[in-house]
Amino acid sequence: MRVSRLELADFRNISAASFTPGQALTVICGKNGQGKTNLLEAVWLLTGGKSFRGAKDADLIRRGAETALIQADTEGGGITREIQLRVGLPGSARPGRTARLDGADQGRASALAGLFTAVVFEPGHLSLVKGSPEGRRRFVDGALCQLYPGYLAEYRKYLHLMSQKNALLKHYNRTPGAAEMLDIYDEQMAAAGEIITRRRAEYIDALRPLAVQNYADISQGAEKLQLDYLPSFGDQGLLAALRAGRKEDLRCGFCTVGPHREDFAITLNGQPARTDASQGQQRSAVLSLKLAEAARAEQVTGEHPVMLLDDVLSELDEGRQAYLLTRMEGRQTFVSSCDAAAFQKTNGAVFHMEQGRLTPL
């Protein structure tokens, strides 16, 4: 998977930019706050996903403008596709993120899921190990949405049902027939939720050997990484678990059982990485996971995803830097960095970003 052309207009602090990335390595260098991460974020949005920085759509539009535009030519499977992503302010003619593919309107940007794949690795991803279960669920769900477009529909269906059930739980005593309505919600949530849990567990099963080998390579076999998915129900199924949890649901006023409460465990030498691993070990675990994510995408799609490395090399020691860059050989990778010196001897395309303006070096 590659990006052969990228054009931006009124995106973040970038009023206009047009450039041709390198076939393999593209380095965006410059001081902090100049727009390096913005450019990587624009590439990521081509996947149809939301900002990896957690930004709202309106935050993506340059101040004073009503619309941001991202246009790109992408190559994958021997086919070149033109993707156009438009972001409009609330109240505008087309608010939010909408997309066109090869000139044809696709509606919401999420329709692009599965057409272009990318993996992003940024400093905040250390929370994958030491953060809350929500971040780990988001990691798995984001990967699955790219690989299996139908997963997004099931996930949204489950969240919609859960929202309706939560509203009913809050007003249970004032709603006639509430018990019967909860029975219906539980049945529908169980059907959608079991699909979500199965997909997640299968993904972790596929990711495990890849991540374990990556960590063994990084640590030179000194430590062992392990991943285990932690479902919210057992062999009895989700419906039985939902029914068993009804008393607690009524007490809390929200749904306490289901995929929205699940997690996966990351351990090093049998101990929880979240509490027992050093920061260097946690960083190595995240690096192992992200490289495994890319490798799994290649197994499923036949194309290695574009890699987006947002100012992470400065946080890695020389050995881990060398390992990461070696793994990126022959695959298109975008790297942001405050210092271009480390890349001067590479064959990559090096650009300088200053106040949203991009110039080649």
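Buried means under 20% relative accessible area, exposed means over 50%, and partly exposed is in between (1.4 Å probe, protein chains only). This is a predicted model, where local features need pLDDT of at least 70 and side-chain atom pairs count only at pLDDT 80 or more, while totals for chains, interfaces and linings use all residues. Residues are numbered from 1 along each chain as its sequence is written, and side-chain values use heavy atoms, with hydrogens and water left out.

**View 1. N269 sits in a loop with a positive phi.** Here we're looking at the loop between β10 (263-268) and β11 (271-272), which holds N269. Helices (H or I, at least four residues) and strands (E, at least two) are DSSP runs, numbered from the N terminus. Most residues other than glycine have a negative phi. Phi of N269, though, is near 50°, and the residue is partly exposed, with a relative accessible area of 48%. D10 is another non-glycine residue with a positive phi, about 55°, but D10 lies in strand β1 (residues 2-11).

**View 2. Six strands make an open sheet.** Reading across, the order is β2-β1-β4-β5-β6-β7, and the pairing is antiparallel; two strands pair if DSSP finds at least two bridges between them. From one strand to the next, the twist averages 15°. Zoom in on β4 (residues 67-76) and β5 (residues 79-88) and you'll find 10 bridges joining them, with I70 partnered by L85.

**View 3. Helix α1 lies across the sheet strands β1, β2, β4, β5 and β6.** It runs at about 115° to β1 (axes are lines fitted to C-alpha atoms, for helices over the stretch in contact, and angles run from 0 to 180 degrees between N-to-C directions). In α1 (residues 36-45), 10 of 10 residues are buried, among them K36, E41 and W44.

**View 4. The largest nonpolar core has 67 residues.** A nonpolar core is a set of buried Ala, Val, Leu, Ile, Met, Phe, Trp, Tyr and Cys residues joined through side-chain atoms within 4.5 Å. F264, I266, L289 and L324 touch the most other members, and helix α5 (residues 178-218) gives the largest share, 13 residues. Leaving aside neighbours within four places in sequence, L289 is in contact (heavy atoms within 4.5 Å) with L128, F139, L207, A211, L227 and I266. A second, separate core of 40 residues includes L6, L40, A109 and V120.
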